Amino acid sequence: MSVYLDNAATTKPCEEAVAAALNAMTENFGNPSSLHRAGLNAQLIVDKARKVIADSIGAERDTIYFTSGATESNNLALRGASSAYGRKRRKIVISSVEHASVEETVADLESKGFEVVRVAPREDGRLYAADFVRECDENTCLLSMMLVNNETGYILPVKETFSFVKRKFPDIITHCDCVQGYMKLPLRVQALNADLISLSGHKIHAVKGVGVLYIKKGIRVLPIVTGGKQEKGIRSGTESVPLIAAFGAAVEKLAPTIQERYESVSRLKQYLLEKISAVDGIAVNSPDDGSPYVVNISAEGKRSEIMLHFLEQKEIYVSSGSACSKGQQSGVLGQFGIKGKRADSAVRISMTAETKADELDAFAEALHEGMEKIRG
Amino acid sequence: MKEIVLVKYGEIALKGLNKKTFEDMLTKNIKRRIKSLGKFICTSAQSTLYITPDDDNADLSEVVDRVGKIFGIAALCRACVCDKDFTDIAEKSIEYLSDILSCAGTFKVTAKRADKAFPMKSPEICMELGGILLEKFPNLTVDVKNPEVTVTVEIRDTNAYVHAENIKGAGGLPVGSSGKAMLLLSGGIDSPVAGWMMAKRGVHIAAIHYVSPPYTSDRAQLKVEQLCEKLTDYCGGIAFYCVPFTELQEAIKDNCPEEFFTIIMRRLMMEIAQRIAAKDNCLALITGESVGQVASQTMAAIACTDAVCRIPVFRPLVGMDKTEIIEIARKIDTFETSTLPYEDCCTVFTPRHPKVRPILSDVEKAQNSFDFEPLIQKAVENTEMKTFNYGG
């Protein structure tokens, strides 16, 4: 039995998504921009997915723009909004725990003359809205925060921060990378107060290669890809109808069950924590009130990569997180106060509602064995 | 802490004995619009409707957003429910408003004491609560003229309510309270705006659209359907009639002088519209015409079109400039869809030199040179109907 516990990295596409993609490849393969019926049929597929995704976040259909994935969405959001609004206002505020697609993009903007402020968690490992508000000023054009941290599952105070900031500086553009929260936590654009939201297909049982950027009405984002003016000129390039169809189908399936899946995954997390509390030398890095879908632990004295490969021999797949690669410590875990050997030995388990208790049993057993067998 | 949405009636608060009918209609419209957001209890008292969420997951910001588009409402706000006791009001105010007050610079407190039995008078409430909030939030100073935040305390029948944001409602009368009318919806910028304006006066809208394949495309019809969908945000459910118009347009081209193409086409459209209107109990037609905008909208042309109409034709945009119309189209979010570049039937066979001041007898003579009646009947018979409900 192979046990896949790396769902924050990617998920298995659901049957509905595969069927929708297949249909768009075999039956409705037209180019949505073609004027004839075959083109229109393809466009209708894209429109339907757009509507389903818009409804799932409480947005209007024409605020949804398809991209090649969340990395592109984040790039488009940050580069596109900073070119539209950053001519005079040259400051960008982000959290210090962002995904590389935000952090690296902002670093690039920094090298091009933007001032970047990275707000870090306080000693208790938590971020505070007030800390963000303090850094924002008239000179700030952009504020970007992720909804759920991909390494620990920590839920950032996005809602509070954005509503504070918007009240004080309505001109600041707010961007939220919702990749690890979408279809897992309730997400409504109204309540979140976000102008821009990035979503990914393959984290929610759709397929790789498709993402979405939500752009609130009236917010300008300049394109980073130019061409045939698809997606209202914001993202040129023929729409990938099969991938978009798959994205829509997965959302249609998952959207009605966010609450019940949350509850069942919360029970799984609880079960997992109980199981591993019986294993000596395990410390839990994820906060209690984080997203239950991600559990980050440290196996004292055992380097992440070695543990990962040990588990892999038993066909159990977890992640060393973006935590620690080739001896480099995770910057992000360090931000949360998880440093040194503890960060070196971090392992991320990420679940879905389909994860079974006996899979967690197998993991806990293998972890226990690893703790005994692996030489520090 | 319990949060609700307070909805203040617009014009219907001034109605007399039939006020209840209007109230019921508004309540029905609101209930229908927020049904998909969770369970809510709607009650009304003192020209105010209270929307109380009945489950914890209800998203009130979305309720406010949706209800803000419903006609018949002057203002609305989210508010915190307090006991009619000053200590409770003060405690809840601090908790409920801490988000907004902790990052504001200036504020003031206003009080409305609908229940005169409440021991403190309005100015007293303002002073006391103002003092407490000042002490609690040292970042604040009082500014009664131009405050960043206005904290409002309302002492009403059963409870007191505290809120800090008053959102302007859509105004007008509840949709349905003025009967039903048929909107001629072309897909351009004007007609959706005209529909919205009549809905604002309580008119329940049905829509009629003419298609002329192969001169017009499926996409053009799709665009109009999308406009219908957008309008349901404001107008509620819309019955959408799609009339096959190719044969009639070809017959006009083959049998009538070119200069009258548009005017005869419009007369035929009106004729078909009122026949379908009669079937659907519509009491009037609505168009997006504005005097002088194009050749078919001069007064003389409108007179020629109206000559075939047996029911009133409302033209709410008649005195508006294009820029004013566009402003509303943007506000109601139909502009972007309206400007998608698909040919509609109005632009098929456009005459090079249309008659700007047509004379009715000339138009009638030109039209009578061909018997359109069988084609009109056929078009009416083959008209397809679709219903658009709120939320697509």
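1. Confidence. The structure is a predicted model, and its scores are ipTM 0.76 and pTM 0.86. For chain B the mean pLDDT is 92, with 99% of the residues at 70 or more. Where pLDDT is low, the predicted coordinates should not be read in detail.

2. Chain B as a whole. Chain B has 392 residues, and 42% of them count as buried. Its secondary structure consists of 13 helices and 15 strands. The C-alpha trace of chain B spans about 85 × 35 × 35 Å along its principal axes. Among the contacts in chain B with a separation of 6 or more, 80% are made by residues 24 or more positions apart.

3. One residue of chain B. B:E225 sits in helix α6 of chain B. Is B:E225 buried or exposed? B:E225 is buried, because 20 other C-beta atoms lie within 10 Å, and the cut-off for a buried residue is 20 or more. B:A207 is 18 residues away from B:E225 in sequence, while their C-alpha atoms are 9.8 Å apart in space.

4. The domains of chain A. Chain A is divided into two parts: domain 1 covers 3-11 + 257-373, and domain 2 covers 15-256. Domain 1 of chain A is therefore written as two stretches of sequence, with domain 2 of chain A numbered between them. The C-alpha centres of these two domains of chain A are 27 Å apart. Their contact involves 25 residues of domain 1 of chain A and 27 residues of domain 2 of chain A. On the domain 1 side, the elements of chain A that give two or more residues are α9 (258-277), β10 (294-299) and α11 (331-335). That side of domain 1 of chain A has 13 polar, eleven nonpolar and one charged residues.

5. The nonpolar core. Which members of the largest nonpolar core touch the most other members? They are A:A246 and B:I205, in a core of 226 residues. Neighbours within four places in sequence set aside, the contacts of A:A246 include A:P13, A:A17, A:V18, A:A20 and A:A21. A:G201, A:A206 and A:V207 are also in contact with A:A246.

6. Helix α4 of chain A. This helix runs over residues 100-111, twelve in number. The buried residues of α4(A) are A:S101, A:V102, A:E103, A:T105, A:V106 and A:L109. An α-helix has 3.6 residues a turn, so residues three or four places apart point the same way. The cover over the buried residues of α4(A) includes the helix α3 (70-85) and the strands β3 (91-95), β4 (115-119), β5 (140-146) and β6 (173-177) of chain A. After α4(A) comes A:G113, with a positive phi near 115°.

Technical notes:
Residues numbered from 1 in each chain as written. Chains lettered and ligands numbered in written order. Predicted model: local features only at pLDDT ≥ 70, side-chain atom pairs only at ≥ 80, totals over all residues. pLDDT = per-residue confidence, 0-100. Core = buried A, V, L, I, M, F, W, Y, C linked by C-beta atoms within 7 Å. Buried ≥ 20, exposed ≤ 12 C-beta atoms within 10 Å, placed from the backbone. Contact = placed C-beta atoms within 7 Å. Helix = DSSP H or I, 4+ residues; strand = E, 2+ residues; numbered from the N terminus. Nonpolar A, V, L, I, M, F, W, Y, C, P; charged D, E, K, R; others polar. Expected span 1.5 Å × (residues − 1).
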